[in-house]
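User: Please take a close look at the charged side chains here and at how they pair. I would like one connected account, with the cut-offs spelled out and with the surroundings of the pairs included.

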Protein chains: 2
Amino acid sequence: MSDIIKPRTLSGFMELLPKEQLIFNKIRDALEETYRLYGFLPLDTPILEYSEILLTKSGGETEKQIYRFNKGDTDLTMRFDLTVPLAKYVAQYANELTFPFRRYQIGKVYRGERAQRGRFREFYQSDIDIIGDGELAVINDAEMVSIINDIFTKLGILDFVVRINNRKVLFGFFTMLGEQENTENIMRVVDKIEKIGEVKVREELLRMEISDETCDKLISFINISGTNTEKLSKLKELKADNEMFNTGVDELETVISCLKSFGVPDDNYIIDLSIARGLDYYTGTVYETKLLKHSEIGSICSGGRYDNLAGFYTNKKLPGVGISIGFTRLFYILNDMNYLNKEDNSALDVLVLPMSENIEPCIQLVSRLRDNGIISQLYYENKKFKNKINYADKIGTHFVIFMGDDEIKSNTVTIKNFSSGEQVTVTLNEAVDIIKAGIKPSEDIKLVKMD
Amino acid sequence: MSDIIKPRTLSGFMELLPKEQLIFNKIRDALEETYRLYGFLPLDTPILEYSEILLTKSGGETEKQIYRFNKGDTDLTMRFDLTVPLAKYVAQYANELTFPFRRYQIGKVYRGERAQRGRFREFYQSDIDIIGDGELAVINDAEMVSIINDIFTKLGILDFVVRINNRKVLFGFFTMLGEQENTENIMRVVDKIEKIGEVKVREELLRMEISDETCDKLISFINISGTNTEKLSKLKELKADNEMFNTGVDELETVISCLKSFGVPDDNYIIDLSIARGLDYYTGTVYETKLLKHSEIGSICSGGRYDNLAGFYTNKKLPGVGISIGFTRLFYILNDMNYLNKEDNSALDVLVLPMSENIEPCIQLVSRLRDNGIISQLYYENKKFKNKINYADKIGTHFVIFMGDDEIKSNTVTIKNFSSGEQVTVTLNEAVDIIKAGIKPSEDIKLVKMD
């Protein structure tokens, strides 16, 4: 045919080769398994919604970044996060849900921004939220950190730290400095301190007509150092007649003390008073998560506490706490850094190679293997031995079983460990034992190997 | 707030309540697990593609049914199936893939048709395909039926039959009748025999100016009866000097004989010469799957063999065989018929209810339970006992653990089987054993209970 259309994928849209996809899915399964262990329930909302529903609170900036179009009379938008659909869902089905409502959602979201390295237009977010009806205990905020810790540890990402702050502490402190009008702006500047440095933060604060003296107080405040316990003591010393500040410090203390009970290692979380999160809707605890040796990457998992999830859709007050992993981005970072454990990533446990015209015993064999939970494939194609071995090599398999006339006659199989080269002729039951011993159960496998 | 926007979901877009979503996901996991056991590799292609890529072979009818729009200069379409993206993918990455390439994909697709009961605009398809490079053995066609059999059996759908035919047999037979020009049209009419009956099929054939005598032959052909072996014998008696027909009969015989080796029960598949599948691109084996007691539902899983997957994108000849489950539709059918097994569908294994101010031992307990793979939640909210029990009841849990000051002092837990009401005070280790014994491993659970 002459009029071939060159196959291509939109830039910024992820598409993986099968072996990478296998690892991606294993990570997804680890996320899902952990969320379920903590009692979170799955949610799967539509990718398309009424624009009116999704764009309630958006200004012009967001509008540019979204995929919005008309179909017939209907104004449609592809979801750009998983939070707005959650808000809609909870408001819509409030009477049928049980609160606190714990949900997880791992799904694709869409942003129309210019595609660049590390920026995606279609990407997975992996979100969990706990929504209360009217109120929600602060301990939930601590549990979020425990979940992050479990997930990263399970994956093999050991070298991380969750930075925790509380916006009430910041807001209260700024108010105590007489800067309550400026708190949102100050938070935005303070939040950049790691990126732009102390000097530039001071410059920006001065430009906001904040006095030198207040600047000093602000900067020495966010630089409060020591262990978490020491930081909490220093904060408690600052306790004043500002109720917001005092509440914030109490909440922070509750979170930190619960984390010990959850068994999260001390090294994996830290109070960081510079963390503010850009989004205005956080009202209490906020989190960011960094890879210790790769702070250039920024936060790989962020979130916080909010007072009211769904004010656009319902008069019900629905406070909550949530955390989101930019899953596609995290995957590409780990892949780019060669951190993904591809060693044990065979497509197959066993490839059965028929060496006889008699195919029926081979089919029976492969069915028996599958009945034993062994991922197996029978190579049917009528090719030379060399091609068959080449296929085994390229597809990736732990074992190869040869089934020739001798094996069929003697009711045995010849099994070869494809990495060690060891080969034996045994009964089928013995082969099953060899295979099961040779395949590490997947829970033992760390999917990520940090240096 | 006064300007509340009523939360609502686009019609034809599925959105489930958490308990239904749990079952949906369990079915999805069962599909995925079975595909993996057969050595299929996961694929996850973008939901948006260049319109030019997706719409190569589409006429006006498809165009109306699709979600297509412009973003900047780019003409975009949301995928309407998983086959076209597969074709693109295989052509694009042919050099990096290993053939035969076995892939599964479970993903959402979009059709802009008028939403009606049982018709979705956003729905999941669950597809598997095996793609050969140049050639592909017929045994693969049999393996598809074995996979369907495993999946439905695992889910608890026992009362089904896969109807198998071969388009070469039909095409060859029609050619032998001198109707080679009409084969596609005859296939379309013949395919409707179950829906419209023999009389109407004859009327339609006569309207196509097919002679009475040929009509008789056609109808007695598709009515060939008996066991699969008897049908094959009758077909072999018809063998003539038409190569297409003879090849088709040989292929059908191979498929049927392999199915015995795969261990598929005789009752679960049948040669049905009236099955033709509407799509022109099938060239050999074709399948449909019916629920025996619900033939009004139509086929819940269909597919077939094709000669060339990706002719629009590459000159490489890529024959394949595939099968697709309309997963969302199947789920809704089973749900509507009350066939989903919701009995054992608790959100939690254990809900821990603190009965003391001392929350730390409760947190430690729930962490220990999770370390043991037990899905557990600690109820943090400061509510009355009645509210706590009510929460346990509504969320659905196998066990409740009460942690009061007595239990904390004596290092025990009080555990209640929430369905039997049995309650004992034991050590944590004993509680773990009780819980594990009380929770059926999920592989034993049939998700569907047909009547």
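Analyst: A:Asp29 is partly exposed, at 37% relative accessible area, where buried stands for under 20%, exposed for over 50% and partly exposed for what lies in between (1.4 Å probe, protein chains only). Its partner A:Arg28 is buried, at 17% relative accessibility, and the two residues form a salt bridge whose closest N and O atoms are 2.9 Å apart; the term requires a side-chain nitrogen of Lys or Arg within 4 Å of a carboxyl oxygen of Asp or Glu.

The model is predicted, so local features need pLDDT of at least 70 and side-chain atom pairs count only at pLDDT 80 or more, while totals for chains, interfaces and linings use all residues. Residues are numbered from 1 along each chain as its sequence is written, chains are lettered from A and ligands numbered from 1 in the order in which they are written, and side-chain values use heavy atoms, with hydrogens and water left out.

Side chains of opposite charge can pair when their charged atoms come close. Over all chains the count reaches 56 salt bridges, and twelve are found across the interface of chain A and chain B. In one salt bridge between the side chains of A:Arg370 and B:Glu143, N and O lie 2.7 Å apart. This pair crosses between chains, with A:Arg370 in helix H13 (residues 360-371) of chain A and B:Glu143 in helix H5 of chain B; helices are DSSP runs of H or I with at least four residues, numbered from the N terminus, and strands are runs of E with at least two. Both A:Arg370 and B:Glu143 are buried. The side chains of A:Glu32 and B:Arg28 also meet in a salt bridge, at 3.0 Å from N to O.

Within chain B, B:Lys168 pairs with B:Glu251 in a salt bridge, their closest N and O atoms 3.0 Å apart. B:Glu251 belongs to helix H11 (residues 243-262) and B:Lys168 to helix H6 (residues 167-176), both of chain B, so this pair ties together parts that are 83 residues apart in sequence. B:Glu251 and B:Lys168 are both buried. In chain A, a network of salt bridges links A:Arg163, A:Glu194, A:Asp272 and A:Lys290.

The cross-chain pairs belong to a wider contact (heavy atoms within 4.5 Å), which takes 102 residues from chain A and 102 residues from chain B. Because 100% of the interface residues of chain A are also interface residues in chain B, the copies meet through the same surface. The two chains bury about 9100 Å² between them, 58% of it on carbon and sulfur atoms, buried area being the accessible area (1.4 Å probe) that two parts lose on being put together, summed over both.

Chain A superposes on chain B by a rotation of 180° with 0.0 Å of shift along its axis, at an RMSD of 0.1 Å.

Conventions
Copies are superposed by least squares on the C-alpha atoms of residues with pLDDT of at least 70 in both.
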